[in-house]
Each structure stands twice: as C-alpha cells, then as structure tokens.
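Trainee: Could you walk me through a structure today, slowly please, as I am still learning how to read one?
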Amino acid sequence: MRIPLSAMIGLILTGLYFFAAIFASWIAPYGMAEAVGDVWEPSSAAHWLGTDQIGRDLLTRMIYGGQTTIFIATAATILSFSTGAIFGFIAAVSGGWVDQILSRFVDLMMSIPSLILALVILSAIDVTVLTLIVLMGLLDSTRVFRLARAVAVDISVMEYVEAARLRGEKIFWIIFREILPNALSPLVAEMGLRFIFMVLFISTLSFLGIGVQPPLADWGGIVKENKDGINFGIGAALYPAVAICTLAISVNLVADWVLTRTTSLKGGRG
Amino acid sequence: MSEPLLKVRDLKIGATIYPPDAKPHDIEIVHGVDFDVMPGKVLGLIGESGAGKSTIGLAAMAYGRGGVKLTGGEVWVNGRDVLQSSRSDVRDLRGGEVTYVSQSAAASFNPAKKIMEQVTEAAILQGKFSKADAEKRAIELFRKLDLPDPENIGTRFPHQVSGGQLQRCMTALALCPQPDLVVFDEPTTALDVTTQIDVLKAIKEAIADTGVAALYITHDLAVVAQVSDHIMVLRQGEMVEYGDVDQIINAPREEYTKALVSVRSIEHKEKTPSGTPILTVENITARYSGTNFDVLKDINVDLHSGQTLAVVGESGSGKSTLARVITGLLPPTKGRIHFNGRDLSNALSSRKPEDLRELQMIYQMADTAMNPRQTVGTIIGRPLEFYFGLKGAEKQKRIQELLDEIELGEGFQDRYPAELSGGQKQRVCIARALAAKPKLIICDEVTSALDPLVADGILKLLLQLQKVEDVAFLFITHDLATVRAIADSIAVMYQGEVVRYGGKTDVLSPPFDDYTDLLLSSVPEMKLGWLEDVIATRKMQSGGN
C-alpha cells in the first residue's frame, strides 16, 4: 500500500496531536494550572513557548488544551455520528411518515443557526464538559442525518435490500448489515470534516467564554486569555490558533485519502 | 482489387488493472487481431462480453476507453496508420472519417441540447458542411431512417422521442458528416424486440443508401446475420473465425461458432397442468400510488407446482409489476392471490414468515441483487440461518451443498460478488433463492443481462433444479426464445393486460392475435433474409416505434 505524500503529512501531524493529547500528563513539562514564571515571558529553554497572561507555562497549557479540545471534539463527533446516522438510516429505510417527521424536524433544527442556539442553551444551563459534548453532538447530528439519509436512500433501492425485505428481515438487520457497510466510506470521510467543525465549534464557544471553563485549558480559551497580549506585540494567542489550523488541515488530508481509497475497494460503492 | 478502407494488422490492446489485494499490473485484452473492411461493406464483430469487440471497434478511431492503451499493431484508415498519426490528424478522423453509434442513445445525447444541434455538430465542426447544408442533410437522413415528422423532429429534445427513435437519431448523427466508416456498438441491444426490428431495418437501409462501410458490434449472432457482409467471431481478445455471413451461419467451422449458432436450442416438452395450482392470481388490478391509471388490469393466471409460467411482453407491459404484486411489494387495488392453499395478504409487512420463505425471487441484475460487502457464504447462508436457524458446521455443509447444486463447487464461499463472473453471480442468486426451499421462484428477466451461451447454461440449470426440487417458476421475460426453451404455459402481456394465455403449444400456434404475432415475428432468427421477410409479412407496427 502506497500512502501519498499529502496523506502522510496529515497522518503524522494528526498522530502527533492525538499522541500529545492522550499522554498530556506525561509529556507536559509543568502542571496544568501551575504559575511558574512571570507574565508573558518570551520563549526560553525553561519555557519553550514562553508563559501566558498569569505566568503559566504556555507549552503545558497548549498540551492540556489540546487534550480537552480533542477529547470534547472526538466525543461529540462520535455522538453526532451515532445518532445522526442511525436516525438517517431509519428515515431512509422506513420512508413514509417516519421519514417526513424526522426530516422536517431536522430541517427545523437546521434553520436555527447552531452557534446562536448553543449560546442560548449554554447560558441557561450548567456548563460542564458533559453538557458541552451532548449539546454539540446533538446539534451537529442534524448534518450527519442529512448525509446518512441521502446515502441510505440510494442504497435502499438496491435489489439486495429489496431481497432482504422480501426475506422478512427486520429494520435493524437491513440498517446494520445491508446498508451500513455500503455507506461507510462517505460517512468516514464526512467524519473527518465534522470533527474539524467540532474543534472550531468548541474553540468558538470557549473564546466567547461559555465553553470550557477555567482553570481547565483549551485552545479557544487560551486564545481568549492571551488575546490582549497582541496589543503589546506578544504572540501567545497565535500558538493555539496555529494548532487549530494545522489540526484542521491534517485531519482533512487524512479524510480525503480515506475517501479515495475506500471507494475502489471490492467493487463497493462510494 | 481496391485497397481496404480499414486495415487492422496485429492489433494489441492492453489495460492496467487494480486488483484489491495485489499491485496494479498490465494485462493484454486483445492479442493481435487482423482484419480488413472494404469500402461500402459491413463487418460484424461478434462475441460475448469481454471478448474485446467494443475495444477493437473504438481502436478504429484510434481511441482507447478509460485506461485502455493501444499497445501494438497498426490501424490503417484511408491509407494511413492512425495509431502513428498526429493529434490534429486524429481529430480529423474522429467524427469526420469514422463515426460511432453507441449502445445507449439515451445516455449519449446531451439532454440539454436539441437533437438537430447534436446531429449536425460534427459535420459542421469538421468543416464538411455549412450549417444550412448539414441541417438539410440531417432531415434527409431522418426521412431515410423512417423517423416521424423528419422536418421537425430535430427541434425536439432527446427526452421527447422514444428510445427506438433516439437510437435512429444517433445513426443520423453518425451518418451526417458523410463518414467512410461507422462503428455501431450494440445499437439495438437496449431496445425491445419489437422496436429493435425497425431500428435494424432503418440502419440496414441507411447503410445501403449512403454506401458507407460499417463495423457492426453485437453479441447476438442472429442480429448481425441480418446486416453484415462478413462476420468475425471473437473470444477473449482473439479471433476465432472469420468468414462471409452465409458460411458463418450455415457452415461454421469452429466449435465455438457452432455453439453460438446453435444457442437457444434447448428442447423442453410442455407439462400438462394437474391438480390444484400452487399460485392463483385472481382479478388483480394495481396502480402505483400517486398515479391515475392502472398498470395491471384484471389479471388472471394460474401456475402449477413444478411447472413454469412465462410472462412475456415488451417493457412497460406490466410484467415486473405483476411480480411486485405477487411478492407483496405493491399491494393490488383489487383482486386476490391464492398461494399454496392459502390466501396471501396484500402487503408484505403482514405476510407470514412461511409465505415469505416459500416465495422467492431472482433478479435481472445479479450485480445489484447481492450486497457487494458480503461474501458468497454470507449471502447464501443468511436464508438458512433466518428461516431454518442453521448454524456453524451444519450451515457450512448446507451452503456447500447448494454451491454444488448450482455447479460452482469448492472455494466460492469466501469470495465477494465482485470476484465472480456474470453467470456465476446469477448462479449464486439462484442458490440464495433455493436455500429457502421455496415452492415458487419468481425469475425477473434473469438471463437478459447475460451472454447467450451463459444464459443457456442458466436456463439448463433452472430446468434441472425444477426437476430435483419440484419448484414452480414464474418466468418474466421479453425474450421469446427463452420462453420456448423453458415454459409450460405462457401469458402474453400488453399494456397491463393479459392478451393471450394458455399452454405453450397453444399460445405459440396460429391463429395469433396481432400483438402476439408482432412479438413472435420480432425475435431475430438465425437465417439470412429474415429481416426482410418479417417486415414484409407482419400485421402490426411496434408501439415503441
């Protein structure tokens, strides 16, 4: 198997970020909320990226921030995919009024800008990591629903699905054994994209101050905490911005490669 | 003797394949073919799918379809080797000296442009005619091809004419630039038999009138016999036999050619119905939701255990809808279905597992009838597990028995559908149906997508299985040769009604009603001059004309 250069770059960078996130407590040089230096120290041997606005080691904050951001984004993506895909498949396979009700409900949800909806809900409830994940996952599952339904509608008119119906199979067999394996590659590719949107979403919320709450670090939060430094020529806020950007690009490179690879497999459909 | 118009010498064509578990590598698909086409003559290229017919046809235009490379040999058109020609020279060749008629006119016309614009495009771009002259010529060709309203048909869009008409428009498109050679690539394969005959006649006359030479590619020897002067039989990229039409049809030399000529010669003696029928369709009327006309009107047919009822008719006659009603996919608006001593409920969801098991279905396209992500073992094993609760070794044993029964043998259980040939795929679908131990199998055009020899094998297998398993077949087809081969009784359908119904010999003996006569006479026969005879003697014109 030959991996193209772009996918290789994507795999390495994505792997690096996930590695840092998973083993944060081993590789971070200092404690997460530990103030170890002066305010906004420049980078040095002791603090590779310098320190932040209250003297915490910025590299440490970045590593822990990555952990929080990536964990929340991953969990929310998984939630949005499992709910979105299952309901999308059910809508496609059942058709009729089940499809109408689910699809119109999703249309309704999608007509409300998700950021605004999230702002309203989060200002009313207790913000914890769990509520963030559930809220983001459910809001985003409407997008997954659309894709999953579209793909499944295409597949459910295939004769092998009709053959399964004629055999008397139940809906969950049809969904998980006949449709899912054939719908996997577009869904996996979409997963990369949705993961990126989750990273952007949680960073936006944190930047606005209603996402991850201090002292927990996350990339959007680090931008927010250090943004005033930009006025004084201090680039601390740029590191998390660069991290978000490179993660987004590298995950996309991987998703692209997965999509082109899986579509040529075993004569399966895209 | 004059120079041949098209001279092909030792033509080799290769392609790169990408197997799932190995490195991509090059294979050769045409292994050195030689032939000549003289000006004004028609050469028929015949062979089953994968024989390289279309690839060779396109090579006459110095073209290789996606990933196909012309790796060796010479292709001389009008005295120059087009494989060595410059790009601009090849551009003059395509659409100027050599033109092409493809199998699916519907997929080849641009739906957003009017027919006239597309028919005259190449002639104008090649600088052969001015716009006005090209349009005049097109109208002349429309008239020659028997298209209705030749002056105005060009102002229509492709979706506003029928399939048979569009195929003739494509022939006009190919003839418009006054080419020296036309490549016909299965031009009538996608058409109904009753429509095919008109298109064939139009093409044949147009070739004769314009004096153009042609390569006529098809898998149907009976069709090619009607239009060609010479025939070349191809198999797996090699020439099997070359000769004039008379010799190939009446005195074939090679075994393979003999097999092709004698295909459709299965002898099946009609069984007389006895006892109560296993399936009784009573006064069935059905329509699709949201439409305001009945696609089935008051259908009454019986089918006896262990026998075959063939339902014939052209596309749109309601054959497949009848199958959908019987399987429960489309509940009828009126009438009832009696199956194996009990009434079948109309809707699929309210049928008992026993009803579902005893009534199985086989589809036309084996490709889409099998989940591409399941192995053959899973596909055949699922009904065993679902209906009989078989597991583990017991299930494996039964799967192997079924595979032996369909003549596939060992080593197929772990294969994916993509790793099977067309005939093998259809066999696996038959095994899946058999696994349920059904009393009735509905076969929906099961041989239509297969090569004649492979289709013959499938029909023989079905007849054999019928003897062993005592299963009844409801056989839906548009191909009367197939019907002759396997039916015990026949129902002829036309526009949603059964117009003729009875035992095979009765239905196929005169006196005929007009429609049955048209249908019967339209089946190409393996003899010279058949086309002219039919056109002269038939009573009714095709509706799709």
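Mentor: Let us begin with what a contact is: two residues are in contact if their C-beta atoms, placed from the backbone, lie within 7 Å. Keep in mind as well that this is a predicted model.

Trainee: How many helices and strands does chain B have?
Mentor: Chain B has 21 helices together with 20 strands. Its radius of gyration is 25 Å, which is close to the 24 Å given by the globule rule for 545 residues, so chain B is as compact as a globular protein of that length. If you draw a box along the principal axes, the C-alpha atoms of chain B fill roughly 70 × 55 × 45 Å, and 46% of the 545 residues count as buried.

Trainee: And what does the secondary structure of chain A come to?
Mentor: Chain A has 10 helices and zero strands, which you can also see from its pattern along the sequence, α-α-α-α-α-α-α-α-α-α. The C-alpha trace of chain A spans about 75 × 50 × 30 Å along its principal axes, and of its 270 residues, 41% count as buried.

Trainee: I was looking at helix 8 of chain A; what does it span between its end C-alpha atoms?
Mentor: Helix 8 of chain A covers residues 171–207 and spans only 43 Å between its end C-alpha atoms, whereas a straight helix of 37 residues would span 54 Å at 1.5 Å a residue.

Trainee: Where does helix 8 of chain A bend?
Mentor: There is a bend of about 60° at A:L180 in helix 8 of chain A, and a proline, A:P181, follows within four residues. After helix 8 of chain A comes A:G209, whose phi is positive, near 90°.

Trainee: Changing topic, how many residues does the contact take from each of chain A and chain B?
Mentor: The contact takes 17 residues from chain A and 19 residues from chain B. On the side of chain A that touches chain B, the elements giving two or more residues are helix 7 (159–167) and helix 8 of chain A. Helix 7 of chain A gives the most to that side, with six residues.

Trainee: What is that side of chain A like by class?
Mentor: By class, the side of chain A that touches chain B holds six nonpolar, five polar and six charged residues.

Trainee: Let's go to the strands in chain B. In what order do the four strands of the open sheet come?
Mentor: The order in that open sheet of chain B is 2-1-4-5, and the pairing is antiparallel. Its edge strands are strand 2 (25–37) and strand 5 (80–81) of chain B, each of which pairs on one side only. Strand 4 (residues 68–77) and strand 5 of chain B pair over two bridges in the antiparallel sense, and B:V77 stands opposite B:R80 in strand 5 of chain B.

Trainee: What about strand 19 of chain B, is it mostly covered or mostly open?
Mentor: Strand 19 (residues 489–494) of chain B is mostly covered, as six of its six residues are buried. Both of its faces are covered, with B:S489, B:A491 and B:M493 buried on one side and B:I490, B:V492 and B:Y494 buried on the other.

Trainee: Which strands do bridges join to strand 19 of chain B?
Mentor: Strand 13 (residues 308–312) of chain B runs parallel to strand 19 of chain B and is joined to it by four bridges, one pair being B:L309 with its bridge partner B:S489. Strand 20 (residues 497–503) of chain B runs antiparallel to strand 19 of chain B, with six bridges between them, and there B:M493 has B:V498 as its bridge partner. Strands 19 and 20 of chain B form a hairpin with two residues between them, and B:Q495 in the turn has a positive phi of about 50°.

Trainee: Last one: is B:Q466 buried or exposed?
Mentor: B:Q466, which is found in helix 17 (residues 452–469) of chain B, is buried, with 20 other C-beta atoms within 10 Å. The cut-off for buried is 20 or more such atoms. Not counting residues up to four places away in sequence, B:Q466 touches B:G306, B:T308, B:V471 and B:F473.

Definitions and conventions: Residues numbered from 1 in each chain as written. Chains lettered and ligands numbered in written order. Predicted model: local features only at pLDDT ≥ 70, side-chain atom pairs only at ≥ 80, totals over all residues. Expected span 1.5 Å × (residues − 1). Bend = angle between axes of the 7 residues up to and from the residue. Pairing = 2+ DSSP bridges. Nonpolar A, V, L, I, M, F, W, Y, C, P; charged D, E, K, R; others polar. Rg over C-alpha atoms; globule rule 2.2 N^0.38 Å. Buried ≥ 20, exposed ≤ 12 C-beta atoms within 10 Å, placed from the backbone.
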